[in-house]
Amino acid sequence: MGIEDGERAIEEGVRTDFRSRMSYGSYLDLDKLLDAQHPVSEPVHPDELLFIIQHQTTELWFKLVLHELTSVRTYLQQDDVSRAHKSIARVKHIFRTLAEQWSVLATLTPSEYAEFRGFLGSASGFQSYQYRSVEFILGNKNAGMLPVFEANPEHHAGLEKLLGEPTVYDAFLHFLADHGHAIPSQILDRDLRKAWVEQPDLIPVFQRVYDDPDAHWAAYAMCEDLVDLEDAFQFWRFRHLRTVQRTIGYKKGTGGSSGVDFLKRALDLTFFPELYTVRTEIGG
């Protein structure tokens with residue numbers, strides 16, 4: 001049957017028999033993926049599918065973010081700064097995609113969400129193992145969060161492991177030290193289980209880099225990449241805050257947090273504080 005009959009003929013050579021070949025669906029395990037949405041509202045609210053898919057796709061992106069950030073840490077440890085740049089660039093684009101994704105969830109009005117929110121019980125994004133892993137590898141470590149994951153031994157063990165490992169920033173500081181920058185030994189040997197806090201002794205190091213970018217290009221470019229990464233992450237956080245605010249106002253979160261106020265405080269957290277503080281010193 002030809003195009004004149006309203007149908008486009010399948011090109012010769014296009015495979016149509018997948019009884020013994022891998023297909024698109026089998027490669028992506030689509031049967032399992034598309035069967036993973038299970039609304040809990042009774043009767044099922046038509047907008048709950050949006051809510052589930054929004055969060056599931058976020059978790060898929062977080063899986064890739066964690067994969068890439070782990071690679072960034074490894075590349076810096078291996079002195080492979082070019083590959084580190086590539087992975088950071090990918091993560092920045094992912095967070096831009098995630099930030100824009102909030103606009104889809106924002107089509108859920110307060111009245112619509114209120115009709116099924118009660119069925120969520122205590123389930124909350126606060127309990128996202130992958131989000132917490134991303135926070136840990138970027139430096140916002142908090143051993144006090146571990147009890148949240150005790151019900152899942154695998155997740156608990158994964159976060160416990162990350163808690164004691166270097167962050168992306170730790171790997172970068174060791175990279176700088178290996179390339180002749182005067183990173184204080186007490187910073188290089190810090191307790192990795194602690195959250196990163198601003199280290200004033202690093203400001204002169206970064207000021208030297210920024211005062212002469214040509215002489216310190218590898219360090220300078222990575223500094224700017226990390227700032228870009230944090231900006232992308234913070235913009236995603238901000239869009240999250242605004243979406244929550246327009247949907248539930250100042251109600252408590254389903255997981256027991258203060259909701260909008262909790263998210264506002266998260267905006268004050270920074271992964272690479274010295275890279276922002278040094279800007280005050282650049283150019284006198």
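User: Quick one to start: which residue follows α6, and what is its phi like?
Analyst: That's Gly139, and its phi is positive, near 120°. Keep in mind that this is a predicted model.

User: OK. And α6 itself, how many of its residues are buried?
Analyst: Nine of its 10 residues are buried, so α6 is largely enclosed by the rest of the structure. The buried ones are Gln130, Tyr131, Arg132, Ser133, Val134, Glu135, Phe136, Ile137 and Leu138.

User: What covers them?
Analyst: The cover for the buried residues of α6 includes α3, α7, α8 and α11.

User: Let me zoom out. How many helices and strands does the chain have?
Analyst: There are 13 helices and zero strands. Reading from the N terminus, the elements go α-α-α-α-α-α-α-α-α-α-α-α-α.

User: What does the C-alpha trace span?
Analyst: About 70 × 55 × 40 Å along the principal axes of the chain. The chain has 284 residues, and 41% of them count as buried. Its accessible surface is about 16,100 Å², with 53% of that belonging to carbon and sulfur atoms.

User: And the contacts, what share join residues at least 24 apart?
Analyst: If you take contacts between residues at least 6 apart in sequence, 70% of them join residues at least 24 apart.

User: Switching to pockets. What's the volume of the largest one?
Analyst: The largest pocket comes to about 1,500 Å³. Its lining is made of 50 residues, and His55, Ser124, Gly125, Phe126 and His240 are the ones nearest the centre.

User: Which helix gives the largest share of that lining?
Analyst: α3 does, with 10 residues. The helices that each supply at least two lining residues are α3 (48-77), α4 (81-105), α6 (129-138), α11 and α12 (260-266).

User: How does the lining split by class?
Analyst: In the lining of the largest pocket, 22 residues are nonpolar, 20 are polar and eight are charged.

User: Now salt bridges. How many are there?
Analyst: The count is 12 salt bridges. In general, side chains of opposite charge can pair when their charged atoms come close.

User: Say I click on Glu165. What does its side chain meet in a salt bridge?
Analyst: Arg73, at 3.2 Å from N to O. That pair links distant parts of the chain: Glu165 is in the loop between α7 (153-163) and α8 (168-178), Arg73 is in helix α3, and they are 92 residues apart.

User: Are those two buried or exposed?
Analyst: Glu165 is buried, and Arg73 is buried too. Arg73 and Glu165 also belong to a salt-bridge network that includes Lys161.

User: What about Lys92, which residue does that pair with?
Analyst: Lys92 forms a salt bridge with Asp228, and their closest N and O atoms are 3.2 Å apart. Lys92 sits in helix α4 and Asp228 in helix α11, so this bridge ties together parts 136 residues apart in sequence.

User: Why does Lys92 count as buried?
Analyst: Because its relative accessibility is 9%, and buried means under 20%.

User: How far apart are Ile248 and Ala114?
Analyst: They are 134 residues apart in sequence and 8.2 Å apart in space, C-alpha to C-alpha.

Conventions: Residues are numbered from 1 along each chain as its sequence is written. This is a predicted model: local features need pLDDT of at least 70, side-chain atom pairs count only at pLDDT 80 or more; totals for chains, interfaces and linings use all residues. Side-chain values use heavy atoms; hydrogens and water are left out. On a 1 Å grid over the protein atoms alone, a cavity is a set of points where a 1.4 Å probe fits but cannot get out, and a pocket is an open set with protein on both sides within 12 Å along at least five of seven lines; lining residues have an atom within 4 Å of a point. Grid points are joined across faces, edges and corners, and a volume is the space filled by probe spheres set on the points. Helices (H or I, at least four residues) and strands (E, at least two) are DSSP runs, numbered from the N terminus. Ala, Val, Leu, Ile, Met, Phe, Trp, Tyr, Cys and Pro count as nonpolar, Asp, Glu, Lys and Arg as charged, and the others, Gly among them, as polar. Buried means under 20% relative accessible area, exposed over 50%, partly exposed in between (1.4 Å probe, protein chains only). Contact means heavy atoms within 4.5 Å. Accessible areas come from the Shrake-Rupley method with a 1.4 Å probe; for residues, only the protein chains shown count as cover. A salt bridge is a side-chain nitrogen of Lys or Arg within 4 Å of a carboxyl oxygen of Asp or Glu.
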